[in-house]
Amino acid sequence: MTATAQTAITTTISGWGGYPTQKAQVITPLSLSAYKASLQHYPSVIARGMGRSYGDSANAATVIQTTYCDHFIAFDTATGLLTVEAGVTLRDILKVTVKHGWFLPVTPGTSFVTIGGAIASDVHGKNHHVAGTFGQHFVSMTVLLGTGEVATTSPTELPDLFHATCGGIGLTGVILTATIQLIPIKSAYITQKTIKAGSIEEACEAFEANSAATYSVAWIDCLTTGKHLGRSILMVGEHADSGGLNLKIKNPITVPIHMPAALLNSMTTRAFNGAYWAKASNNKTQTVPLLPYFYPLDAVGGWNKLYGKVGFMQYQFVLPKADGVGNMRKILTRIAQSGAGSFLAVLKQFGPANQNLLSFPIEGYTLALDFKMSPSVIDLLHRLDDLVADMGGRVYLTKDAVMREASFKTTYPKWQEFEAVRQKYGAIGRFSSAQSKRLGLA
Amino acid sequence: MKKVLVIGATSAIAEHCARIWAARGDALYLVARNEERLKTIAADLKVRGAKETHSHCMDLNDIDSHAAVLVAAETVMGGVDTVLIAHGTLSNQEACERSVEETLAEINTNALSSISLLTHIANRFEAKQAGTIAVISSVAGDRGRASNYVYGSAKAMLTAFTSGLRQRLHKSNVAVVTIKPGFVDTPMTASFKKCLLWAKPTAVAAKIVRAIDKRKDEVYVPAFWWAVMAVIKAIPSFAFKKFFL
């Protein structure tokens with residue numbers, strides 16, 4: 001074991017989408033105190049957790065891997081206040097807290113993300129319209145700055161650093177620990193209602209009609225055109241009152257190797273979409289366990305390998321509520337014409353934006369879908385970026401791998417403020433990723 | 001509820017075993033050298049559900065204090081029923097070849113310190129006619145190879161020692177579990193290039209805890225290493241010496 005209590009290896013890394021890849025030196029500190037030494041040894045780094053951001057947010061020539069700093073620090077079962085090291089995953093948290101009747105205030109669509117990643121992406125969940133993002137629910141965090149100091153920040157303590165770090169894709173420093181306020185639950189089950197919507201217009205109306213529901217999300221068919229364009233299955237959910245607090249956690253079935261890329265094509269996708277639509281029944285209420293409700297894809301470990309070695313792009317954008325439905329139809333038409341649309345696409349209504357400088361959500365509608373990687377897809381995404389920007393929307397940085405600097409700077413107008421905060425706290429030049437360089441951040 | 005003494009508690013394999021015991025609500029007494037990491041792990045295991053966690057910071061090469069550690073663990077937990085010995089270092093083979101001192105130091109850490117602990121524990125468990133002792137040996141102990149025979153021979157000593165101890169303690173109702181991990185992706189092996197043969201510490205820990213529950217004798221983790229090592233052991237020496245493994 002080295003004196004600095006860390007290990008360094010050189011390997012090829014990529015985000016969850018498998019594109020782009022990068023040769024990187026991976027530093028894995030064994031304890032929080034070892035992070036500082038890592039910073040001293042390497043000029044510029046980016047923190048990396050589970051590698052679940054899709055594109056190149058956590059790609060860099062030197063990355064600090066948080067794997068071994070995955071410890072719980074304190075948990076008050078009476079108040080639901082939880083303090084953890086940033087490398088702890090949401091799945092680990094649920095294993096510990098659900099049995100005591102506490103759940104995450106906001107959770108993204110996978111439990112295989114670290115707390116550090118959830119903060120850096122300012123993740124949102126199916127309750128965004130009522131609860132906002134992850135960053136709006138935690139009490140404080142500690143961040144290792146470029147100066148080597150460790151700062152404690154919260155909405156009231158160094159608020160500028162706080163609002164830059166939540167959603168700041170790791171560019172303000174290395175998040176070391178976080179204290180979160182969990183929400184009380186009475187059951188490890190969700191009461192789910194399914195609503196079928198025959199078109200994008202019907203889907204948006206259904207979101208509107210169900211805006212009081214705690215959780216809502218829709219599966220959307222991105223291949224069907226014409227009258228049924230954007231047909232969706234809306235799933236609204238509430239925490240159940242009974243059923244017990246047993247999480248029933250299962251290990252995922254793993255996709256062992258990369259599948260032949262040709263397996264997922266427009267024909268198989270169309271067949272899947274058709275079957276999924278036909279199988280769903282309207283206005284059906286059922287009780288489902290927490291894990292499959294929030295994390296359906298977590299049941300298949302390594303599902304990204306279904307796209308083959310070429311990898312895939314996940315694309316998520318949001319459009320403002322005004323003209324949102326009409327604009328969504330325009331973009332869906334464009335995607336359906338391309339025929340490249342994905343296996344699983346998700347539509348969701350967002351509530352108001354927050355104060356975090358690079359946080360993604362704005363009030364309106366968001367669509368997430370994946371595309372199998374190909375040169376023509378990059379071109380398609382650039383054209384979609386332009387359409388989205390013209391409509392006053394933006395693309396989620398956590399899923400981005402190809403956005404151009406101009407698109408970023410137009411659609412994230414607070415980027416200069418963000419750079420000023422980074423300057424103030426010594427982050428410029430110390431923390432950078434392949435993505436930050438592409439987007440023109442210093 | 002188990003009362004587990006974990007020696008080398010900051011090792012990745014030991015830590016993941018301890019997480020399983022913590023989730024079951026067992027009591028844990030943790031011994032390791034690095035105080036910061038030991039304290040962090042003790043707090044973590046408490047949140048994960050351990051009934052109680054105690055940490056004891058020491059250098060395990062300090063053989064004279066081994067007896068005292070066992071007494072301390074028994075005193076604070078009101079007894080010990082399971083022991084996991086997991087400390088060790090991955091020797092730098094080339095450095096060992098150049099230095100007798102280095103070689104003996106590695107043998108001391110990886111074999112003799114464990115043997116000292118085992119002697120104390122065996123006598124205490126034998127006297128109360130109960131208990132399970134698990135020791136992390138290694139597949140490297142099955143046959144000495146040029147690339148790491150210093151580490152391998154220390155582990156071979158552990159394997160042979162625990163085999164004899166198992167026979168001796170069988171009639172006293174004490175189980176001795178010899179665990180032989182293959183390649184495990186931990187901080188100790190960070191500099192190795194990983195391939196399909198490598199296992200994650202979480203998976204290895206689950207298998208170790210199961211072997212301890214079932215009071216198995218000798219286990220390869222993952223199990224396929226039994227076959228790999230059977231082949232390696234079967235190669236005649238005149239041919240083996242010409243390979244480089």
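So, β6 of chain B, residues 174-181, pairs with β7(B) in the parallel sense, over four bridges. By pairing I mean that DSSP finds at least two bridges between the two strands. Strands here are DSSP runs of E, at least two residues, and helices are runs of H or I, at least four, numbered from the N terminus. In that pair, B:I179 sits opposite B:V219 of β7(B).

Before I go on: this is a predicted model, so local features need pLDDT of at least 70 and side-chain atom pairs count only at pLDDT 80 or more, while totals for chains, interfaces and linings use all residues. Residues are numbered from 1 along each chain as its sequence is written, and chains are lettered from A in the order in which they are written. pLDDT is the predictor's confidence in each residue, from 0 to 100; chain B averages 95, with 99% of its residues at 70 or above. The complex gets an ipTM of 0.92 and a pTM of 0.93.

Okay, back to the sheet. It's open, seven strands, parallel pairing, in the order β3-β2-β1-β4-β5-β6-β7 of chain B. β3 (52-57) and β7 (218-221) of chain B are at the edges with a single partner strand each, so one side of each has no neighbour in the sheet.

Now the helix: α5 of chain B, residues 100-128, lies across β1, β4, β5 and β6 of chain B, at about 170 degrees to β5(B). Angles are between N-to-C directions, 0 to 180 degrees, with axes fitted to C-alpha atoms, for helices over the stretch in contact. Contact means C-beta atoms, placed from the backbone, within 7 Å.

Last, the interface: 14 residues from chain A, eleven from chain B. On the chain A side, β5(A) gives the most, four residues.

How values were computed: Two residues are in contact if their C-beta atoms, placed from the backbone, lie within 7 Å.
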